[in-house]
Amino acid sequence: MVLGRKTNCVLRVDRLRKTFGGVQALDDVTFELAPAAITALVGPNGAGKTTVFNVITNFLRPDGGQVYLNGANITGFSPHAAAALGLGRTFQDVRIFAQMTALENLMVAAPRQSGEDLFVALSLPWRVYRQERELRAQAVRWLEFIRLTELADEMAENLSYGQQKLLSIARVLSLGANVLLLDEPMSGLDPQILTRSVDLLRDLSREQGKTICLIEHNIDIVKELADRIVFLDHGRVLADGAPDAIFADKQLSSLYFGT
Amino acid sequence: MEYGLHVLIIIGIYMILASSFNLVVGCTGLFSIAHAAFYGIGAYTAAILSLRYGWSFLGGTAAGVILAALIGALIALPSLRVGGDYLVISSFALMMLTYSIFLNWTSPTRGPMGLPGIPQPSILGWKVDSLPEYVLLVSIFVAVCLILVWHVTRSPFGRVLRAIRENEVAASALGKNVVYFKVAVVMFAGAIAAVAGSLYAHYITFINPDSFTLLESIFIFCIVIVGGLGNFGGSIAAAALLIALPEGLRFLNVPDSVAGPSRHLLYGALLVFCMRFRPQGLFKWS
């Protein structure tokens, strides 16, 4: 944390390279996430945005390059170890735990549950029970935060797509993550949930100091939310800077927006 | 009367087997076909220790439990590190391996002749030598095992198992060490199955390799499917149903040559019925 503040970044990816067969998915990708800021990762389909997320969270091993979280090199960690350090992510295809209730989706995500140890679960049920009550209360608070309290005991598969997306964000919050990598959290949402999500993300970064990196195609949302934009194309960082500067760049506009 | 008590005991043993197997296949979504191997390990360990070394019932049961858990770890660890599907292969291998050992390592197991004369259990001076007493003993063990399994299902550990079944990638993205949970559940379920094995060996007082074949694993699988994957109460009810139903055939005056095969016919029909009309299992209440 100290180191993170000194370099003024929470997460740094350094010259990441990754090839799939003959495709250069990532080509010397370098960028930083500033604390409590919202960084938007934009670029056309196939630019390597999700691959960056997969490499950062260690679901994919890079062919080269490093990932630093709060100054510590986390390259080559297992995904669950990276998550335990406060690195949370959502998925483009939501990946909700369909046959579990909304509340259970949040409770299961909470870190450091002693009852996850089989021996503790069997031998110290009272301790686990006490902890469960706290977990439940915390999960209810996250449900209130995304305003889905009334759906607490509903199976997640019965929630609408937009509600599932909200739930998947809350799940990462329940994990206690400080760095949130959100893969298209706004796509396919109706206007009402969209507005709610925008407010929610702003709240998370401004009020709660979460560092957010989101992949987003909707330019209006990017303009509204992002403090910084990293523009990716063919696995390369084409531009990295303040939104105004990026949108003013005619070359990028034509590349992405076709105008 | 005696016959009814015998059926009750067998039902109890299968309740233990089905509910523990349900943890692996239903709750976690792991496809294993080795549950009868753990059952057999429990039975043979208890039988050999009591016959050759004079171990008590409880000591032999505990030894079987520990051995089954260790062997569970041994097959689960390498296969689950690669990916869940490999467990089918390694559990099949374990099934074949244990069967061959029971059959061919004749000095302790007497091979196909089996082990006769396994002493009836005695616990802290209580000699269990009548049928009603054995029903009581099995009931106590069934209760303990079911409470343990139920408790694990409802615990945070069990919740992670269900999350893994629903989406393994999301579970690991949420900081869960998926391999730990999978290995632990295979070990735990194997250990519980070993308890059933010891109860069986000491009850029948004779075991041979034929009781612990792949077919037996598949039968336990059937119980779990009929009860509904992941349904704790369903596994228990289905164990009672699938054991009691064919026993009912005995009262229909069917000749034995028909009753035997019709048992399998019945199971087959019930399975097809479940697949078509009740894929969630016959009993959906938990």
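Predicted model: local features only at pLDDT ≥ 70, side-chain atom pairs only at ≥ 80, totals over all residues.
Which residue stands opposite A:D233 in β10(A)? The residue is A:R236.

Strand β9 of chain A covers residues 228–233, and strand β10 of chain A covers residues 236–241. The two run antiparallel and are joined by five bridges. Together they form a hairpin with two residues between the strands. In this hairpin, A:H234 takes a positive phi near 50°. Most residues other than glycine have a negative phi.

Chain A also holds an open sheet of four strands. Their order is β2-β1-β4-β5, and the pairing is antiparallel. Which strands stand at the edges? They are β2 (23–33) and β5 (72–73) of chain A. Each has a single partner strand, so one side of each is left without a neighbour in the sheet. Strands of a sheet pair through backbone hydrogen bonds, either parallel or antiparallel.

Now look at one pairing inside that sheet. Strand β1 of chain A spans residues 11–20, and strand β4 of chain A spans residues 64–69. Five bridges join them, and they run antiparallel. Helix α2 of chain A, residues 49–56, lies across β1, β2 and β4 of chain A. Its direction is at about 115° to β1(A).

Next, follow chain A to the loop between α4 (102–109) and α5 (118–123), where A:P111 is found. How exposed is A:P111? It counts as partly exposed, because it has 15 C-beta neighbours inside 10 Å. Leave aside its neighbours within four places in sequence, and A:P111 is in contact with A:A84, A:L175, A:G176 and B:G175. A:P111 and A:L135 are 24 residues apart along the chain, and their C-alpha atoms are separated by 9.8 Å.

A:R112 lies in the loop between α4 and α5 of chain A as well. It has a positive phi of about 50° although it is not a glycine. Is A:R112 buried or exposed? With 9 other C-beta atoms within 10 Å, A:R112 is exposed.

B:L124 is not a glycine, yet it has a positive phi of about 50°. It lies in the loop between β1 (122–123) and β2 (126–127) of chain B. B:L124 counts as exposed because it has 6 C-beta neighbours inside 10 Å.

How do the two chains meet? In all, 22 residues of chain B are in contact with 27 residues of chain A. On the chain B side, the elements giving two or more residues are α6 (131–154), α7 (156–166), α8 (168–173) and α9 (178–204). Which gives the most? That is α7(B), with seven residues. By class, this side of chain B has twelve nonpolar, six polar and four charged residues.

Finally, turn to helix packing within chain B. Two packed helices are described by the angle between their axes and the distance between the axes. Start with α1 of chain B, residues 2–27. It packs with α6(B) at an angle of about 15°, and the axes are 10 Å apart. That angle makes α1(B) roughly parallel to α6(B). The crossing is left-handed. On α1(B), the residues that meet α6(B) include B:L5, B:I9, B:I16 and B:L23. On α6(B), those that meet α1(B) include B:V135, B:V142, B:L146 and B:V149. By class, the contact has 18 nonpolar, five polar and one charged residues.

A second pair in chain B is α2 (residues 35–53) and α4 (residues 86–104). Their axes come within 9 Å and cross at roughly 30°. Angles under 35 degrees count as roughly parallel, and α2(B) and α4(B) are therefore roughly parallel to each other. The crossing of α2(B) and α4(B) is left-handed. From α2(B), the contact takes B:A36, B:A37, B:G40, B:I41 and B:Y44. From α4(B) come B:L94, B:M95, B:T98 and B:F102. The residues of this contact divide into seven nonpolar, two polar and no charged.

Conventions. Residues numbered from 1 in each chain as written. Chains lettered and ligands numbered in written order. Buried ≥ 20, exposed ≤ 12 C-beta atoms within 10 Å, placed from the backbone. Contact = placed C-beta atoms within 7 Å. Nonpolar A, V, L, I, M, F, W, Y, C, P; charged D, E, K, R; others polar. Axes fitted to C-alpha atoms, helices over the stretch in contact; angles between N-to-C directions. Parallel < 35°, antiparallel > 145°, perpendicular 65-115°, else oblique. Left-handed = near helix turned anticlockwise from the far one by under 90°. Pairing = 2+ DSSP bridges.
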